[in-house]
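Colleague: I am new to this one and would like to learn how to read its features. Could we go through them in turn?

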Amino acid sequence: MVLTIIEIIQLTYLIPSLILMTLVGSLLLYKISTKNQAFKNEFYPLVCFRTFNDILYHVSILLLLKLPAWKIATDFYYNSTILAPLCCIFGAATVCVPFLHTFILSLMRFIAIYHPVRYSRFSSRLTSKIICGLIFVISYGIGLASLAFPSKYIYNEVTGTISPVYIVQSVAYFQFCYGIIFYGSTIIACLILNIANFIGLKRNNKKNKNKRSEYLFAFYGLFTLVTASLMEGYLIGRIGGSFLENQTMMAISNYALTWIGDIGTLGDFYFFILINSEVKLAIKEVFFKVIRKEFYGVTHKSTEVKSLQEVKSIRIKVIAK
């Protein structure tokens with residue numbers, strides 16, 4: 001096994017990041033399941049779902065792409081008839097989630113800003129569960145559909161590594177449908193919704209005391225849009241290379257995925273942690289319990305991403321005035 005300096009750097013921040021993501025995801029799941037008041041809104045279930053999806057993305061990339069690329073157990077991967085299809089399933093499913101997550105956040109934000117009364121009718125934990133279930137069904141529906149196209153590990157002369165590839169050209173049409181048409185449509189829709197959301201915030205926040213937290217939420221949504229757009233760029237390169245049978249184009253796209261995936265998953269995660277004081281407080285609580293010190297939660301003015309339910313309430317008050 002020979003690792004490049006770049007790969008060593010990536011591992012040094014990826015491993016501790018995955019540990020932290022597992023901790024935060026477990027904390028969110030615990031707080032949500034115990035109906036903690038600070039986490040009782042429709043935003044946190046989506047973030048929790050996205051966090052575990054991103055963990056699965058990195059684990060599958062590490063086990064099914066990077067290990068054979070590092071020439072570890074190459075015969076095992078090369079002779080396996082199961083691992084390549086698994087890589088395609090998890091790859092398609094986990095990449096799909098950020099697009100749907102970004103679109104749902106933008107749409108929910110739009111309804112909360114422009115139609116607060118209507119939003120209050122369906123804003124609930126049940127709605128969050130339905131949305132998460134819908135994202136799961138769509139993403140893994142796309143992933144399982146990839147089984148219709150045979151795949152296997154082959155030696156790539158361009159990169160000099162073993163990697164999983166589809167062995168039928170017809171898969172390019174399937175990838176074009178979901179990768180370009182479907183994901184591209186969600187990116188365009190998200191862009192329109194985010195522009196409308198910023199306009200709505202600028203117009204309505206004159207009487208709103210929570211202006212800062214609302215803009216933080218808006219910028220979080222914008223950041224997820226940017227990272228999803230980068231992932232769309234990768235898909236365009238990979239699918240375009242498949243259509244044109246251009247191995248160099250596909251190799252460049254696959255190399256870019258290493259960085260785009262880190263920005264889209266780890267970047268999203270740390271951005272969320274940075275702006276959310278409730279999660280930081282929960283992490284501190286666990287830390288102090290681990291070192292056997294009593295922890296006192298102090299109530300303070302929070303800069304966390306406010307729930308859409310709170311935004312809805314604020315809008316209703318403004319309308320009433």
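**Reading the charged pairs and the core**

Modeller: Asp 268 and Arg 50 are both buried, where buried means under 20% relative accessible area, exposed over 50%, and partly exposed in between (1.4 Å probe, protein chains only). This is a predicted model, in which local features need pLDDT of at least 70 and side-chain atom pairs count only at pLDDT 80 or more, while totals for chains, interfaces and linings use all residues. Residues are numbered from 1 along each chain as its sequence is written, and side-chain values use heavy atoms, with hydrogens and water left out.

Colleague: How many salt bridges does a search of the whole structure find?

Modeller: The search finds 3. One of them joins Lys 31 and Glu 285, whose closest N and O atoms are 3.8 Å apart. This pair links distant parts of the chain, with Lys 31 in helix 1 and Glu 285 in helix 10, 254 residues apart. Lys 31 counts as buried because its relative accessibility is 11%, whereas Glu 285 is partly exposed at 24%.

Colleague: Which residues touch the most other members of the largest nonpolar core?

Modeller: A nonpolar core is a set of buried Ala, Val, Leu, Ile, Met, Phe, Trp, Tyr and Cys residues joined through side-chain atoms within 4.5 Å. The largest has 58 residues, and Leu 28, Phe 272 and Val 279 touch the most other members. Helix 4 (83–114) is among the helices that each supply at least two residues, and helix 4 gives the most, with 11. Leaving aside neighbours within four places in sequence, Phe 272 is in contact (heavy atoms within 4.5 Å) with residues including Leu 28, Tyr 220 and Val 279. Apart from this core lies another, of 10 residues, among them Leu 11 and Tyr 77.

Colleague: Which residues of helix 10 are buried?

Modeller: They are Ser 277, Glu 278, Val 279, Ala 282 and Ile 283. At the N-terminal end, Asn 276 caps helix 10, with a side-chain oxygen 3.1 Å from the backbone nitrogen of Glu 278.

Colleague: Where does Lys 71 lie?

Modeller: Lys 71 is in the loop between helix 2 and helix 3 (74–79). Most residues other than glycine have a negative phi. Phi of Lys 71 is near 65 degrees, a positive value. Ala 73, found in that loop between helix 2 and helix 3, also has a positive phi, near 50 degrees. Lys 71 counts as exposed because its relative accessibility is 53%, and Ala 73, at 43%, counts as partly exposed.

Terms used: Helix = DSSP H or I, 4+ residues; strand = E, 2+ residues; numbered from the N terminus. Polar contact = N/O pair within 3.5 Å; in protein donor to acceptor, adjacent residues only side chain to side chain. Salt bridge = Lys/Arg side-chain N within 4 Å of Asp/Glu carboxyl O.
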